[in-house]
Amino acid sequence: MSHSADQGDKGLKFGQGTLSLISKTEIGKKIVNDRHYRIVLSATFALIGNLLYACYHGILGIMNVSLWFVTMCAFYGILAAMRFSAVLYWRRNVSVSSADTEYFVMKLSGILLVILSFVLAVVNYISLSQNIAVKHNEIMMIAIAAYTFYKVSVAVAGAIKRRVNPSPLFDVVRNIRYAEVAASVLTLQRSMLVSFGAMKNEKIHMMNALTGAAVCMFVCILGIFMTMRAMKKG
């Protein structure tokens with residue numbers, strides 16, 4: 001019992017020491033003490049990832065003359081545009097917060113989410129009609145599944161913490177994350193069914209069609225509610 005307590009004390013001291021070390025730098029101090037900064041920093045990294053994915057699929061689309069890659073480029077490009085608007089707003093209003101501008105960013109992001117739902121529907125239609133699904137080996141599939149469930153956990157944690165800071169800008173960042181996670185779950189299902197499943201093609205097709213429709217509807221409704229809320233408050 002005392003051994004476990006000692007380990008706990010050591011872990012606590014290690015964590016406190018690490019935070020103290022990080023806090024010695026200006027950026028580290030912001031990361032530790034400013035939750036707003038942490039959220040926007042996370043959105044910035046996600047923005048860079050979306051841009052890289054968009055460029056990657058765009059290049060493949062041009063080289064292979066593939067509508068699939070072009071639509072995937074559009075999907076990640078729209079995600080990048082939404083995150084860029086949130087990050088740009090924060091950079092310009094780091095000292096002065098403007099509710100009107102935050103709701104404008106929310107309305108813009110809501111409209112882009114509605115557009116994104118239609119792009120996602122096109123992606124889903126092409127993948128179903130052309131039977132496109134990436135097959136992975138077992139280890140890779142487990143790693144992808146673990147990462148996807150991690151993203152789901154982060155999104156759920158963000159939803160729980162919403163009451164702490166119901167800022168429109170934070171809602172925008174969270175809703176973008178929800179949309180991306182929903183699309184990731186759909187992609188995960190498609191890959192898992194072809195990688196592990198002994199299911200017949202007809203059932204796989206039906207499950208992917210139903211899940212795809214649900215995800216597109218979810219993203220569209222998310223965008224509509226964001227737009228309506230921004231128009232009502234703005």
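In which helix do Asp 171 and Arg 174 both lie, and how many residues apart are they? Both lie in helix α7, three residues apart, which is about one turn of the helix. The legends below describe close-up views of a predicted model.

**View A. Salt bridge between Asp 171 and Arg 174 within helix α7.** The side chains of these two residues meet in a salt bridge, with a nitrogen-to-oxygen distance of 3.2 Å. Asp 171 is buried, and Arg 174 is buried as well.

**View B. Salt bridge between Arg 229 and Asp 171.** Here the side chains meet with a distance of 2.3 Å from N to O. Because Arg 229 lies in helix α8 (residues 201–233) and Asp 171 in helix α7, the pair ties together parts that are 58 residues apart in sequence. Arg 229, at 25% relative accessibility, counts as partly exposed, whereas Asp 171, at 4% relative accessibility, counts as buried.

**View C. Network of Asp 171, Arg 174 and Arg 229.** Salt bridges link these three residues in a network, in which the side chain of Asp 171 meets that of Arg 174 and also that of Arg 229.

**View D. Salt bridge between Arg 83 and Glu 180.** The two side chains meet at 2.8 Å, taken from N to O. This pair links distant parts of the chain, with Arg 83 in helix α4 (residues 67–92) and Glu 180 in helix α7 (residues 168–195), 97 residues apart. Both Arg 83 and Glu 180 are buried. A search of the whole structure finds three salt bridges.

Definitions and conventions:
Residues are numbered from 1 along each chain as its sequence is written. This is a predicted model: local features need pLDDT of at least 70, side-chain atom pairs count only at pLDDT 80 or more; totals for chains, interfaces and linings use all residues. Side-chain values use heavy atoms; hydrogens and water are left out. A salt bridge is a side-chain nitrogen of Lys or Arg within 4 Å of a carboxyl oxygen of Asp or Glu. Helices (H or I, at least four residues) and strands (E, at least two) are DSSP runs, numbered from the N terminus. Buried means under 20% relative accessible area, exposed over 50%, partly exposed in between (1.4 Å probe, protein chains only).
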